[in-house]
Amino acid sequence: MSVYVIKRFSDGFYNFMINGKLLSRRWFANASEEFCYGFAKVQREDGRWTFVREDGKIFNYRWYKCIREFSEGFAAVQRVEDGLWNFITTNGRLLSRKIWFESVGDFCEEFAIVERQNGKYCFISENGNVAVQYSCFRV
């Protein structure tokens with residue numbers, strides 16, 4: 001399957017072309033250049049981001065302030081309201097609905113480092129449990 005990012009010259013908006021056909025009727029203010037885990041990042045005119053699937057459908061219809069590519073089946077997403085971070089799975093579920101983080105790293109070998117709202121860092125596992133906690137604070 002050949003996938004290309006295309007840019008419309010009239011307004012600078014982006015879409016994807018797959019096997020010679022437009023992926024979506026929607027055009028986006030910005031878009032990633034490739035699909036990762038079957039998803040590509042897209043941005044609306046208001047600056048919010050989400051993912052589009054390879055079939056052209058918007059992924060889970062939640063729009064975020066910032067998103068990262070999927071890593072080991074998880075993508076970091078930043079909430080618009082308060083700038084806190086969490087992870088979503090390729091199924092569209094949040095890793096934790098209750099706990100959001102000040103900052104997050106990507107998952108690597110089943111763990112991600114996160115900064116809790118109290119300024120402490122810890123590693124969380126793929127099920128959202130704290131694996132290792134550190135007492136260090138921001139300097």
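Guide: Happy to! Strands here are DSSP runs of E with at least two residues, numbered from the N terminus. This is a predicted model, where local features need pLDDT of at least 70, side-chain atom pairs count only at pLDDT 80 or more, and totals for chains, interfaces and linings use all residues. Residues are numbered from 1 along each chain as its sequence is written, and side-chain values use heavy atoms, with hydrogens and water left out.

Visitor: What is V5 in contact with?
Guide: Beyond neighbours within four places in sequence, V5 contacts Y14, N15, F16, S32 and E33. Contact means heavy atoms within 4.5 Å.

Visitor: Switching to S125: buried or exposed?
Guide: S125 is buried, at 14% relative accessible area. It sits in strand β12, residues 121-125.

Visitor: Which side chain does the S125 side chain make a polar contact with?
Guide: That of N127, at 2.4 Å. A polar contact is a pair of N or O atoms within 3.5 Å; within protein, one must be able to donate a hydrogen and the other to accept it, and residues adjacent in sequence count only if both atoms are side-chain atoms.

Visitor: And outside four places in sequence, what is S125 in contact with?
Guide: L95, F107, E110 and F111.

Conventions
Helices (H or I, at least four residues) and strands (E, at least two) are DSSP runs, numbered from the N terminus. Buried means under 20% relative accessible area, exposed over 50%, partly exposed in between (1.4 Å probe, protein chains only).
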